[in-house]
Amino acid sequence: VVGPRRDITLGADLASGARPQAIVPARSWQAAQSTGAWSLVGCTVSPAFQFDGFELAAPGFDIP
């Protein structure tokens with residue numbers, strides 16, 4: 001993990017502090033939680049994604 005945990009709200013309401021997108025630094029965990037009935041989440045990687053070293057967190061994993 002690079003640095004402390006940061007919670008970012010994604011959305012269109014920029015006046016309330018939401019952001020349209022966020023960048024997750026290399027070697028950092030990422031997670032998403034819906035704030036409504038449903039959410040559409042995507043992930044674009046650059047450079048091209050490689051599965052070497054990929055780790056999926058176990059259910060219930062949390063970063064303090």
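**Exercise 1. The phenylalanine group**

*Solution.* The model examined here is a predicted one.

Step 1. Phe49 pairs with Phe51, with ring centres 4.8 Å apart and an angle of 85° between the planes. Planes over 60 degrees apart count as edge-to-face, and the pair of Phe49 and Phe51 is accordingly of that kind.

Step 2. Phe51 also pairs with Phe54, again edge-to-face, at 5.7 Å centre to centre and with 75° between the planes.

Step 3. Phe51 has a relative accessible area of 64% and is therefore exposed, while Phe54, at 47%, is partly exposed.

Step 4. The structure as a whole contains four aromatic pairs, among them the pair of Phe49 and Phe51 and the pair of Phe51 and Phe54.

**Exercise 2. The surface around the cluster**

Identify the residues of the nonpolar surface patch that includes Phe49, Phe51 and Phe54, and state the accessible area of the patch.

*Solution.* 

Step 1. Membership requires over 30% relative accessible area.

**Exercise 3. The salt bridges of Arg5**

Which residues are linked with Arg5 in a network of salt bridges? Trace the network contact by contact.

*Solution.* 

Step 1. The count of salt bridges is two.

Step 2. One of them joins Arg5 to Asp7, with the closest N and O atoms 3.0 Å apart. Arg5 also bridges to Asp62, where the closest N and O atoms are 3.0 Å apart. A salt bridge requires a separation within 4 Å.

Step 3. Arg5, Asp7 and Asp62 are thus linked in a network of salt bridges.

Step 4. As to accessibility, Arg5 is partly exposed at 42%. Asp7 is exposed at 63%, and Asp62 is exposed at 54%.

**Exercise 4. Backbone geometry**

Where does the backbone contain a cis peptide bond, and which residue has a positive phi although it is not a glycine?

*Solution.* 

Step 1. Most residues other than glycine have a negative phi, and most peptide bonds are trans.

Step 2. The peptide bond from Ser46 to Pro47 is cis, and its omega is near -5°.

Step 3. Arg27 has a positive phi of about 65°. Arg27 is also exposed, with 73% relative accessible area.

**Exercise 5. The largest pocket**

Describe the largest pocket by its volume and its lining.

*Solution.* 

Step 1. The volume is about 2400 Å³.

Step 2. The lining comprises 47 residues, and those nearest the centre of the pocket are Val24, Ser28, Trp29, Gln30 and Ala31.

Step 3. Sorted by class, the lining holds 26 nonpolar residues, 14 polar residues and seven charged residues.

Definitions and conventions. Residues numbered from 1 in each chain as written. Predicted model: local features only at pLDDT ≥ 70, side-chain atom pairs only at ≥ 80, totals over all residues. Heavy atoms only, no water. 1 Å grid on protein atoms, 1.4 Å probe; cavity = no way out; pocket = protein on both sides within 12 Å on 5 of 7 lines; lining within 4 Å. Points joined across faces, edges and corners; volume = space filled by probe spheres on them. Nonpolar A, V, L, I, M, F, W, Y, C, P; charged D, E, K, R; others polar. Buried < 20%, exposed > 50% of the residue type's maximum accessible area, 1.4 Å probe, protein only. Phe/Tyr/Trp six-rings, centres within 6.5 Å; stacked < 30°, edge-to-face > 60°. Patch = residues over 30% accessible without salt bridge, like charges linked within 9 Å, V, L, I, M, F, W, Y side chains within 5 Å. Areas by Shrake-Rupley, 256 points an atom, 1.4 Å probe, with all protein chains shown as cover. Salt bridge = Lys/Arg side-chain N within 4 Å of Asp/Glu carboxyl O.
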